[in-house]
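Here are a few notes to read with the model open beside you. Have a look at it first, then work through the points in order.

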Amino acid sequence: MSASSGSAGWYLRRLSRMGPREVGGRVGDAVRRRRWRSAVPAAPTPTGARFTAALPAEVVDAVPPDAVKRLVADADRLMAGQAEYFGVRRDDLADPDWQYDPKTGRRAPEGYAFDVPYRDEDAIGDVKQIWELSRHHHLTVLAAAYATTGNEAYAERVAAHLRSWWATNEPLRGVHWTSGIELGIRLLSWVWVRRLLDGWPGAAGLFEDNPVALHQIWHHQRWLAAFPSRGSSANNHVIAEAAGQLATACAFGWFPESARWRADALRSLDEHLRGNTFPSGLNRELASEYHGLVLELGLAAVAEADAAGVPVPQTVRLVLLRMTDALAAVVDGRLRPPRQGDADDGHGLVVDGAGTDRWASLLATGDAVFGRLAWWPEVTGTDVRTPLLAALVRPAAPTATRPDSRPAHFADAGLTVLRGPGGIWCRCDGGPHGFLSIAAHAHADALSVEVRHDGVDVLADPGTYCYHGQPEWRRYFRSTLGHNTLELDGDDQSGSGGPFLWTRHARSRVLVADPDPTDEKPARWCAEHDGYQGAVHRRRVELASTSRELRVVDEVRGPRRAARLAFHLGPTIAADLDESRAVLTWTRDGEDRSAVLELPGQLRWRAHRGETAPPLGWYSAGFGRKEPATTLVGTGHVDGAQEFTTVLRFRG
């Protein structure tokens, strides 16, 4: 077990970030866990249970053929037992072992769920690898392939996997009953499996006429009602719990408790969607992938409520509308959002094949549900999910004023996007250090910049790579040195107490945000933070539209300190460094591109690539995957109000 996430010291640090109400709730949870160790109660036996939230046949028929082609290709790979999760390829999925971690070769132990040390990779393996398959996204893909082709082999494989999972994961036994987000997403998958299998003769026998399925569904909902994420943990997890509970209580509302579970879940979804989202529409975790996850979950939950005729508060729709507009505002010209904060490739609902653009799909769904605005970027791709979700969501006129032009500065989130000719896109970070008291998914990246040219990462955010089991890599990818910003005295700007715990938060404030350049003046941004005791780091950024030049000026006010200034290049960027000047080259769509990076001459510059002791010079395109990339690091000292100027000049 990692000392940072399982020691007595970690528990004390974690406790220090909780308020009295949260502590009381967690004490109650502990008592309940001990009480639940006794015999598992039998689920009520509903009579006359029927599934009534099927999709109209014409909706499935209207799915674009190219989206169906991608879907079926993925489904056929799954039928052959093949898939890839977090960089690990599997060929054992025809009849999977649900407790097996293919990365380490370990199996999670059986036994009472709350005794399973799921954070301990030495004991159970990589829990993300084990959990991901049991979110049953592969089953929604197979079920969607059945719905779009009528091939019963897909439906039969889904049924075999569900029966296998239910038989080997009895309620409150094993690792799949330890985390509410897993239960919530799994329930949402089951709802969509039942919907997509509706034309299959065995669908009712698999679900509503199956005592084993009813037992599992009821116990999942009972668990979620008893152990909600609380207080400092009420981030995207509580959204997944509420969305899964609401969807199931609407679509499978067969139990005596269903009405109460439905009402409680809807209240929780309403409360926590608002709590997790800035008024501007950006997610408060300041992690783009969690913005996408929460938006997916919220849209899916609303679809189930609308399909069941359950009134949804306008505040829920308003948050989802604002989230959609915010996403449309921040993406680059290739529809990629910022690579900010943690990212674990988590999805709420998967019915599409590989090659479907997640962000284009979300914007297409937003267009179908809310309507696109004139300034939205063009979405040209197709997907399966949009027509299916849109068929369930009740049209509702927006009750809020939407932006009449593309927002570039989100004051509440401290995020500013500067745009220039040729697809120059620059994200400037002057926002809070994450969400809630533990800021679980934040990185120590205050005042960092991220620069792209026509969608290519030039100055890149390196990503996340891992959560549990590899503490040195977790520390690196969320460190200050692991971002395009300034480190003093070898310290992070914020203080870490564990892999999902920050005990000291740097405070940033934006001083200037003028993101609209003219021929006479550049786009400008300026911010500062107080993460280094006794010193203030201030950064100014200017993007000139006429010269295609980005200027970054760093200033530190305070006593003499050792400094390291890092610029991480994207994995496709080659760099030729000569003292304090680097020529950057890359290829985009067969065309050679280049830029010159003029670095501060007061620092000594070195290029690092693929180093491991300690880690430096890496890029993670997705969870569990990393590749060498060039990082330019300048070392020296700052003294007084010294300034360091960096200029990135794009050629051609």
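1. Start with Phe567: its bridge partner in strand 24 is Leu632. Keep in mind that you're looking at a predicted model.

2. Now zoom out from that pair. Strand 15 covers residues 561-568 and strand 24 covers residues 630-638, and the two pair in the antiparallel sense over eight bridges. In case it's new to you, strands of a sheet pair through backbone hydrogen bonds, either parallel or antiparallel.

3. Which strands make up the whole sheet, and in what order? There are four of them, in the order 8-15-24-19, with antiparallel pairing, and the sheet is open. At the edges sit strand 8 (486-488) and strand 19 (604-609), each pairing on one side only. From one strand to the next, the twist averages 25 degrees.

4. Next, some helices. Helix 8 (residues 137-149) and helix 10 (residues 180-196) have axes that come within 9 Å and cross at roughly 15 degrees. Angles under 35 degrees count as roughly parallel, so that's how helix 8 and helix 10 run relative to each other. The crossing of helix 8 past helix 10 is left-handed.

5. Who does the touching here? Helix 8 brings His137, Leu139, Thr140, Ala143, Ala144, Tyr146 and Ala147 to the contact, while helix 10 brings Ile185, Ser189, Trp192, Val193 and Leu196. Sorted by class, this contact between helix 8 and helix 10 has nine nonpolar residues, three polar ones and no charged ones.

Technical notes. Residues are numbered from 1 along each chain as its sequence is written. This is a predicted model: local features need pLDDT of at least 70, side-chain atom pairs count only at pLDDT 80 or more; totals for chains, interfaces and linings use all residues. Side-chain values use heavy atoms; hydrogens and water are left out. Axes are lines fitted to C-alpha atoms, for helices over the stretch in contact, and angles run from 0 to 180 degrees between N-to-C directions. Helices (H or I, at least four residues) and strands (E, at least two) are DSSP runs, numbered from the N terminus. Angles under 35 degrees count as roughly parallel, over 145 as roughly antiparallel, 65 to 115 as roughly perpendicular and the rest as oblique. A crossing is left-handed if the near helix is turned anticlockwise from the far one by less than a right angle, and right-handed if clockwise. Contact means heavy atoms within 4.5 Å. Ala, Val, Leu, Ile, Met, Phe, Trp, Tyr, Cys and Pro count as nonpolar, Asp, Glu, Lys and Arg as charged, and the others, Gly among them, as polar. Two strands pair if DSSP finds at least two bridges between them.
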